[in-house]
Amino acid sequence: MTSVPAYEIITVPAVGQPGREELRQQCFDVRIDVFHHEQGFPLDTEIDDYDAEATHILLRLVPSLKPVGTIRCVKLEGFYKLSRLAVLKDYRKHRFGRALVQSLHDHVKADARASGLAGSDTVKVIAHSQIPVKEFYGKFGYVPEGEEFDEDGAPHQKMVARLSLSD
């Protein structure tokens with residue numbers, strides 16, 4: 001069995017904070033490598049209007065600081081959207097995708113509590129999953145909602161999780 005390389009997960013600084021642009025670009029580079037070069041999605045769909053304000057989370061190896069994974073969180077009216085989860089192909093065997101989803105969930109719960117969205121016991125997170133990885137999201141409590149649909153030329157499924165704010 002291959003040992004897991006040492007890594008860190010960081011939240012890219014907020015808009016206007018030092019270091020945001022450089023670290024966000026590292027997230028973009030991972031996404032472009034995975035979604036455009038590997039999976040063939042159009043390059044012009046990879047960066048969108050959500051990226052300017054979204055929370056970007058970056059997983060990088062230490063001590064090299066090589067970026068190998070990323071995930072994006074967008075706060076919308078009444079829910080959060082998990083999107084753009086990407087891990088470089090050579091590093092998927094280390095379960096970095098799991099670590100990134102957990103980091104996003106931790107961020108969502110902290111943000112919901114801090115911003116007063118904790119009016120209920122749960123917070124809703126939505127993901128548009130590519131069909132082959134629906135089961136991955138299911139491991140985190142996401143359940144399919146609605147019919148499959150096309151997004152950027154590939155079949156997707158809306159997946160919804162309700163995260164407990166009491167833990």
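A: In this predicted model, R95 is exposed, because its relative accessibility is 54% and anything over 50% counts as exposed. R95 sits in the loop between β4 (79–87) and α2 (96–114). R95 has a positive phi of about 65°, yet R95 is not a glycine.

The loop holds another residue to look at. D90 is also found between β4 and α2. How exposed is D90? The relative accessible area of D90 is 60%, so D90 counts as exposed. D90 can also be placed against V68. Along the sequence, 22 residues separate D90 and V68. In space, their C-alpha atoms are 8.9 Å apart.

Now compare another loop. D152 lies between β7 (149–151) and β8 (154–164). D152 is not a glycine either, and its phi is positive, at about 55°.

The peptide bond that joins V62 and P63 is cis. Its omega is about 10°. P63 belongs to the loop between β2 (55–61) and β3 (67–76).

Next, the cysteines. How many disulfides does a search of the whole structure find? The search finds zero. A disulfide needs the two sulfur atoms within 2.5 Å. C27 has a relative accessible area of 0%, so C27 is buried. C73 is buried as well, because its relative accessibility is 4% and the cut-off for buried is under 20%.

Step back to the whole protein. The secondary structure comes to three helices and eight strands. What order do they follow along the sequence? The pattern reads β-α-β-β-β-α-β-α-β-β-β. The loop that holds R95 therefore runs from strand β4 to helix α2.

How does the overall size fit the chain length? The protein has 167 residues, and a compact globule of that length would have a radius of gyration near 15 Å. The protein has 16 Å, which agrees. Its C-alpha atoms fill a box of roughly 40 × 40 × 35 Å along the principal axes.

Take the contacts with a separation of 6 or more: 63% of them are between residues 24 or more positions apart. Of the 167 residues, 41% are buried. C27 and C73 are among the buried residues.

Last, the surface and the charges. The accessible surface comes to about 9,000 Å². Carbon and sulfur atoms hold 51% of that surface. The protein carries 21 positive and 25 negative charges. Where do these two sets lie on average? Their mean positions are 5 Å apart.

Terms used:
Residues are numbered from 1 along each chain as its sequence is written. This is a predicted model: local features need pLDDT of at least 70, side-chain atom pairs count only at pLDDT 80 or more; totals for chains, interfaces and linings use all residues. Side-chain values use heavy atoms; hydrogens and water are left out. Buried means under 20% relative accessible area, exposed over 50%, partly exposed in between (1.4 Å probe, protein chains only). Helices (H or I, at least four residues) and strands (E, at least two) are DSSP runs, numbered from the N terminus. The radius of gyration is taken over C-alpha atoms; the globule rule is 2.2 Å times the number of residues to the power 0.38. Contact means heavy atoms within 4.5 Å. Accessible areas come from the Shrake-Rupley method with a 1.4 Å probe; for residues, only the protein chains shown count as cover. Lys and Arg count as positive and Asp and Glu as negative; His and the chain ends are not counted. The place of a charge is taken as NZ of Lys, CZ of Arg, CG of Asp or CD of Glu.
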